[in-house]
Amino acid sequence: MSDNVTNETTRTAQWITATPPTPNGDLHIGHLAGPYLAGDVLRRFLAAEGDGPVRYTTGLDDHQSYVPVRGINDGGRKGEEVADGYGASIESVWSRAGAEFDAIVRPRRDLGYQSAVQEFFQRLYDAGHIVARTTPLPYCTGCERWLYEAYLKGDCPHCGSGSNGNACEPCGRPNDCADLANPVCTGCGATPELRDCERLYFPLAPWEQQLADFWDQVDMLPHLRSLCEWMRAEGLPEIAVSHPSEWGVPVPVAGFTEQRIYVWFEMAPGYLLEWTGAGGTGPAPAPVQFFGFDNGYFHALLFPAAFRAYDPEIALPRAFVVNEFYRLEGLKFSTSRRHAIWAHEELARTSADVLRYHVLADRPNGRQTSFSSAALEVSRARLADRWDGWLGRLLAAVAEESDGVAPAEAPQGPEWERLRARLAGTVDQLRDAYGIEGYDARRAIALLDEIVGLAEDFGYVTGFERERPAGGPVYRAALAAQLAVAAALSAWAAPALPYGSARLAGLLALAPEPRRVDVDALAPLAPGTPVASWPGAVFSA
């Protein structure tokens, strides 16, 4: 076995997950601004660090009830058609936007998926962690259907906001469907009646202390921590983990085989399958999980408790990276309500780097933000005018002053020393913004803007050296300094803007392999290194 293979298998692997989207519609810009591009930025940063293999995984949430409901609303399409069609569209958007996954779990197509989910469920039932309860559940007599999740809407019993069954998006709290105020069948608009229904439940209360211990260890934002602590203070609920339905994974427990496993409970073993699907062997490492706040209770309470019940040795997440809602015209992006700008349409008119730059700079972490086409144009102009403007002037100057090769003169002088010191401090902050503990993609983009602004100012100031009688060598040293910054930028910006960074590295004859985001990337090009002519655009292309 080669040393490279030995190192790959013995170094600690790192695992990043992004919550699976529901294939009841195309991905919209809000999805990209949420978990998917942000997780990809972390993946690229950690991979460039070279400390061990990095796995970035997700899945498709085929068994959400929103999938067959979309088929009903589309005039009777089968749920399978909906899931397959939109699933393919979602994967295409990920690819075009540069969100590169090592594994994508496809529940309806992956061999062994259903049996693995059923084994997980059965083990918890056999151990007494899942119990039968007879409770009220809304039933629509007109549709002849039990109502849960997407089949039901009403007012949240906790915050009063409009909510579907089982969970409220605005406050993140679970409900039991029967406790929704003003319930309505989403299929026909009728008011349902309550009927007793025997289902299977997973009580969270037995795991209270273990959950509290976990919350003390995991890195998460105050909004999610507040949700966890309020749910604990009010008494952890029992969660219905089966529903009478024909869509989803059949419950393996005798007497309940006509019911289906609650899709969010199904997702717990689904995450474990993501690890093995990505080539992970042995116990999965503690992941970093990216998701929206509306999915917070599942990740912070339901999944950890289920994992503890299944196998106490499973490593729980080390960090939660949570985004708030990304809004459009003041309202939350919504696939089910068709209130969205679809990502595939935007990618047809906007390059991946420009779109990545904008949604990362506007990422709703810690607060809600709002997308507008006008703001996207401002971002496009900033990349074109500032980033590409500086690079275009630099490469034109190198072509004119140094015959298109890196100057023989080395960067020097007080202006260079000040620039280098400022850049060193900024890249330290950038490493923090890219890293797990301080992850903040919005801050990372702001720091990259600052780097380009510093380089642009340096270029304007040192440009006057050329006017001095004997200023040629000093001017060429300043060009060498700017080439060093450009080379460093191709490494520093790569996690966020991979395509423009790769183009820039190619213009400077740099190897295509990822380089670490650190001050060592700020190294002058070897004298005589060919510098390509300006192609017209790099980051705004």
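What radius of gyration does the chain have, and what would a compact globule of 541 residues have? The chain has 26 Å. A compact globule with that number of residues would have a value near 24 Å, so the two agree.

## The chain as a whole

This is a predicted model. The chain holds 16 helices and 17 strands. Along its principal axes, the C-alpha trace spans about 95 × 50 × 40 Å. Of the 541 residues, 56% count as buried.

Take the contacts between residues at least 6 apart: 78% of them join residues at least 24 apart. Glycine 392 and glycine 255 are 137 residues apart in sequence, and their C-alpha atoms are 70 Å apart in space.

## Surface and charge

The accessible surface of the chain comes to about 21,400 Å². Carbon and sulfur atoms account for 49% of that surface.

The chain carries 47 positive side chains and 69 negative ones. The centres of these two sets lie 3 Å apart.

## Helix 3 and helix 4

Helix 3 covers residues 66-73. Its buried residues are Val67, Pro68, Val69, Arg70 and Gly71. Helix 4 is part of what covers them. Just after helix 3 comes glycine 75, with a positive phi of about 95°.

Helix 4 runs over residues 79-97. How far apart should its ends be? At 1.5 Å a residue, the 19 residues should span 27 Å. Just after helix 4, glycine 98 takes a positive phi of about 85°.

## Alanine 97

Alanine 97 sits in helix 4. Is alanine 97 buried or exposed? Its relative accessible area is 3%, and therefore it is buried. Leaving out residues up to four places away in sequence, alanine 97 touches Leu32, Leu37, Leu347, Ala352, Arg356 and Tyr499.

Asparagine 164 is 67 residues from alanine 97 in sequence. From C-alpha to C-alpha, the two are 31 Å apart in space.

## Two buried strand residues

Threonine 17 belongs to strand 1, residues 14-18. Its relative accessibility is 0%, so threonine 17 counts as buried. Which residues does threonine 17 touch, not counting those up to four places away in sequence? They are Tyr56, Thr57, Tyr271, Glu274, Pro287, Val288, Gln289 and Phe290.

Cysteine 197 has its place in strand 9, residues 193-203. At 6% relative accessibility, cysteine 197 counts as buried. Apart from residues up to four places away in sequence, cysteine 197 touches Arg133, Thr134, Thr135, Leu137, Trp146 and Pro244. Tyrosine 139 is 58 residues from cysteine 197 along the chain, and their C-alpha atoms are separated by 9.7 Å.

## Positive phi in two loops

Glutamate 149 lies in the loop between strand 5 (145-146) and strand 6 (152-155). Its phi is near 45°, a positive value in a residue other than glycine. Glutamate 149 counts as buried, because its relative accessibility is 4%.

Cysteine 177 lies in the loop between strand 7 (162-164) and strand 8 (181-185). What is the phi of cysteine 177? It is near 75°, again a positive value in a residue other than glycine. Cysteine 177 is buried too, with a relative accessible area of 1%.

## A glycine in helix 12

Glycine 392 is found in helix 12, which covers residues 373-402. Why does glycine 392 count as buried? Its relative accessibility is 14%, and the cut-off for buried is under 20%.

Key: Residues numbered from 1 in each chain as written. Predicted model: local features only at pLDDT ≥ 70, side-chain atom pairs only at ≥ 80, totals over all residues. Heavy atoms only, no water. Helix = DSSP H or I, 4+ residues; strand = E, 2+ residues; numbered from the N terminus. Expected span 1.5 Å × (residues − 1). Buried < 20%, exposed > 50% of the residue type's maximum accessible area, 1.4 Å probe, protein only. Contact = heavy atoms within 4.5 Å. Rg over C-alpha atoms; globule rule 2.2 N^0.38 Å. Areas by Shrake-Rupley, 256 points an atom, 1.4 Å probe, with all protein chains shown as cover. Lys, Arg positive; Asp, Glu negative; His and termini not counted. Charge placed at Lys NZ, Arg CZ, Asp CG, Glu CD.
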